[in-house]
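Reader: I am new to this structure and would like to go through it step by step. Could you start with the terms I will need?

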Amino acid sequence: MERAEKREVVSALSDVFANTGVVVVAHYAGLSVSEMTKLRSDMREAGGQVKVAKNRLVKLALDGTDAQGISDLMAGPTCLAYSDDPIAAPKVAVKFAKGNEKFVILGGTMGATVLDAKGVSSLADLPSLDELRGKLVGLLQAPAGKIARTVSAPAAQLARVFGAYGAKDAA
């Protein structure tokens, strides 16, 4: 890799650390190409990305960013999984790690907060942003439905009473 290419990689990684919601660091030694491709496609579907870069370049990119605390994790064959949604990358990474012993989550960062492996797995247990939005919409719609039923109930009762009187008079 030439010096210009290295500058581009460091610049791209600095942008990732500055602008993404969460970064997960993991060891991937022993994963086959097909397993790594599966991880990349799963991450892409969730709205994230997986990047493998030289540890030295990652450490250079981390200098001066909020994520600087994870530079200690950059030893051995590491990969970075990141996403704008703070739940997506940890969720996919933890799910993949459960199915593959060779994929070991070391930790990560969410903004300036450095996470250990347990912190990443607890982030993965949280509902995603879309799930939270769905729950919120459901909560907002439920009272409106109850109000509509409550308001229409007396009118329905009056209609039944008038119907009963009409049936009684007809008989």
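Predicted model: local features only at pLDDT ≥ 70, side-chain atom pairs only at ≥ 80, totals over all residues.

Reader: Thank you. Which elements cover the buried residues of H1?

Author: The cover includes strand E1 (22-27), strand E2 (48-51), helix H3 (55-62) and strand E3 (78-83).

Reader: And which residues of H1 are the buried ones?

Author: They are Val10, Leu13, Val16 and Phe17. Seen down the axis of H1, these buried residues fall within an arc of 120 degrees, so they line one face of the helix.

Reader: What is on the face turned away from that buried side of H1?

Author: That face carries the exposed residues Arg7, Glu8, Ala18 and Asn19.

Reader: How far apart are the end C-alpha atoms of H1?

Author: They are 24 Å apart. Helix H1 has 17 residues, 3-19, and at 1.5 Å a residue it should span 24 Å, so the two values agree.

Reader: Let us change topic. Which residues line the largest pocket?

Author: The lining consists of Lys38, Asp42, Glu45, Ala46, Lys91, Val92, Lys95 and Phe96. Helix H2 (33-46) and helix H4 (88-99) each supply at least two residues of this lining.

Reader: How many of the lining residues are charged, polar or nonpolar?

Author: The lining of the largest pocket has 5 charged and 3 nonpolar residues, and no polar ones.

Reader: And how much space lies in that largest pocket?

Author: About 170 Å³.

Reader: Now to Gly30: is it buried or exposed?

Author: Gly30 counts as exposed, because its relative accessibility is 52% and the cut-off for exposed is over 50%. Gly30 is found in the loop between E1 and H2.

Reader: What does Gly30 touch?

Author: Not counting residues up to four places away in sequence, Gly30 touches Glu35 and Lys102.

Reader: Which residues is Thr109 in contact with?

Author: Leaving aside neighbours within four places in sequence, Thr109 is in contact with Gly21, Val22, Val23, Ala67, Ile70, Val114 and Leu115. The C-alpha atoms of Thr109 and Pro154 are separated by 56 Å, and these residues are 45 apart along the chain.

Definitions and conventions. Residues numbered from 1 in each chain as written. Heavy atoms only, no water. 1 Å grid on protein atoms, 1.4 Å probe; cavity = no way out; pocket = protein on both sides within 12 Å on 5 of 7 lines; lining within 4 Å. Points joined across faces, edges and corners; volume = space filled by probe spheres on them. Helix = DSSP H or I, 4+ residues; strand = E, 2+ residues; numbered from the N terminus. Nonpolar A, V, L, I, M, F, W, Y, C, P; charged D, E, K, R; others polar. Expected span 1.5 Å × (residues − 1). Buried < 20%, exposed > 50% of the residue type's maximum accessible area, 1.4 Å probe, protein only. Arc of directions from axis to C-beta. Contact = heavy atoms within 4.5 Å.
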